[in-house]
Each structure stands twice: as structure tokens, then as C-alpha cells.
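Open the model in your viewer and keep the sequence panel beside it. The stops below go one selection at a time.

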Amino acid sequence: MATKTTETKTPGTGTQETKIPESSTMPTSEKKMQVDNAVVNKNEMKNSSLHKFFVSSLKDIYFAENAIIDALTKMEEAATTEELKEAFEDHQLQTKKHVSRLEKVFRLIDEKPEKKECEAIKGIIKEGEEIIKSTEEGSMTRDAALIIAAQKVEHYEIATYGGLAQLAITMGHDKVADLLETTLQEEEDTDYNLTEIAETFINFDAEQED
Ligand SMILES: [Fe+2]
Ligand SMILES: [Fe+2]
């Protein structure tokens, strides 16, 4: 009985092995391409409404994260207590990581990192600036109010990353989903830490102020 092999006879070249491409080395061609863990038709993927929405949302949050880096500098300078200054400083370092994680996400789906102006985050940041203007320097009321302003930023990010991570899973972008979920976790932890700081002493001290 003849043994089945993966060899084929090609005229003029003798015996040649039939190569089955491994997914990790799949070449990027006009039609099929490897995007994250999914092998997709490039044109089909890029033209789909969901993909366009996904990329547009990534550009929105990429703009937001960059704007938050600057906002956190102002909030740290304005904060009264060392605890809150430190919390803002720590989260600014994390936010810089969020920016580079997003750049990695863009690379994974073969898109360019671009910023799309986000009116929502501009409004939330503006609210924080107004809090700084309308509260007394060195007061605990300012810190209590700044915590709420910062939590509004976190909640915007949590909604965005939570939704985009789920979409990434649906579209088969597993590595992208992991990156977005890592950032999501850090935003949730920050939100939790801010609540802790407020409840430990800042809200109480603010309540004692005239
Ligand atoms: Fe962030
Ligand atoms: Fe954040």
C-alpha cells in the first residue's frame, strides 16, 4: 500500500514539498491578512462598519488619554493633600502607558495611531478646570471636588475600554482585547482608590470647613 506524502512532483524542478503556511508567518497580501489572531480579508475588514467604528473609537480614546496627561498635571498642582497629589501623579504615569498600549493596538490591527477630537473628554476636563477656579486653594473642599472630577474622567474611560474590549473579542482580536482589558483594570483600580481617599478623610475634613 502506497504511503500518502505531502510531496508533489513539479515538472522541471523535481520533488517539492507542499508548504502549509503557519498562521504566525502568514504573509500580508492584498486579500488575506493576519490581524491579531484573526486571518481576515483585508478589504472586507477595513470596509466593515463595525471596524470603522472600532478604529474611530480608538482614535477618540487616544485623543482623550493624551489630553488627560496634561489635565492630571494641573490637577496634581491644584490638589491640597499629598495623598491626592500622589494619586494623580501615579495615574499620570499609568496614563502614559495607556497611550503606548493604544499605539500597540493600532499596530496590531494595521491602523495608524491618530487622534480624533473628543468633545466629551474636553467637557469633563473643563469641568475640572472650573472646579480649580471656584474652590479655595489649600482647601479640603477643593480635593473633595477634584476627586469627583477625576472620577468622571475614569468613568468615561471605563465605559470606552469596557465596550471596546468586548468588541475586540467579538471581532477575534484577542491580543487587542487583552491590552484594552489591562487598561480597563487600571482605570477601575484608580476609580476605587479615589473613592477610598475621599471616604478615608477628605470628605469628612471638607465637611468641617466653613
Ligand atoms: Fe487611561
Ligand atoms: Fe484614567
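In which helix is Ala120 found? Select Ala120: the residue is found in helix α4. Helices here are DSSP runs of H or I with at least four residues, strands are runs of E with at least two, and both are numbered from the N terminus.

Before going further, note that this is a predicted model, in which local features need pLDDT of at least 70, side-chain atom pairs count only at pLDDT 80 or more, and totals for chains, interfaces and linings use all residues. Residues are numbered from 1 along each chain as its sequence is written, while chains are lettered from A and ligands numbered from 1 in the order in which they are written.

**Ala120**

Stay on Ala120. Is Ala120 buried or exposed? Ala120 counts as exposed because it has 12 C-beta neighbours inside 10 Å. A residue is buried if 20 or more other C-beta atoms lie within 10 Å of its own, exposed if 12 or fewer, and partly exposed in between, with C-beta atoms placed from the backbone.

**The whole chain**

Zoom out and colour by secondary structure. The protein has 6 helices and 4 strands, and from the N terminus the order is β-β-β-β-α-α-α-α-α-α. Of the 210 residues, 29% are buried.

**Helix α4**

Select α4, which has 16 residues. From first C-alpha to last, α4 reaches 22 Å, close to the 22 Å expected at 1.5 Å a residue; the expected span is 1.5 Å times one less than the number of residues. Next pick Ile121, Ile124, Ile125, Gly128 and Ile131, which are buried. These residues lie on the same side of α4 because they cover an arc of only 105 degrees around the axis, the arc being that of the directions from the helix axis to the C-beta atoms. On the face turned away from that buried side, look for the exposed residues Glu119, Gly123, Lys126, Glu130, Lys133 and Ser134. The cover over the buried residues of α4 includes α2 and α5.

**α2 against α4**

Show α2 together with α4. The two pack at an angle of about 10 degrees, with axes 11 Å apart. Axes are lines fitted to C-alpha atoms, for helices over the stretch in contact, and angles run from 0 to 180 degrees between N-to-C directions. The angle therefore makes α2 roughly parallel to α4, a label for angles under 35 degrees. To see the contact, select Ala64, Ala67, Ala71, Lys74, Met75 and Ala78 of α2 with Ile121, Lys122, Ile125, Gly128, Glu129 and Ile132 of α4. Residues are in contact if their C-beta atoms, placed from the backbone, lie within 7 Å.

**The largest nonpolar core**

Select Met75, Leu146 and Leu180, the residues with the most contacts inside the largest nonpolar core, which has 41 residues. Such a core is a set of buried Ala, Val, Leu, Ile, Met, Phe, Trp, Tyr and Cys residues joined through C-beta atoms within 7 Å. At least two residues come from each of α2, α3, α4, α5 and α6, and α5 gives the most, with 11. Around Leu180, leaving aside neighbours within four places in sequence, the contacts are Val105, Tyr161, Leu164, Ala165 and Ala168.

**Two positive phi values**

Go to Gly172, which follows α5 and has a positive phi near 80 degrees. Finish at Asp110, in the loop between α3 and α4. Asp110 is a residue other than glycine, yet its phi is positive, near 60 degrees.

Technical notes:
Two residues are in contact if their C-beta atoms, placed from the backbone, lie within 7 Å. Angles under 35 degrees count as roughly parallel, over 145 as roughly antiparallel, 65 to 115 as roughly perpendicular and the rest as oblique.
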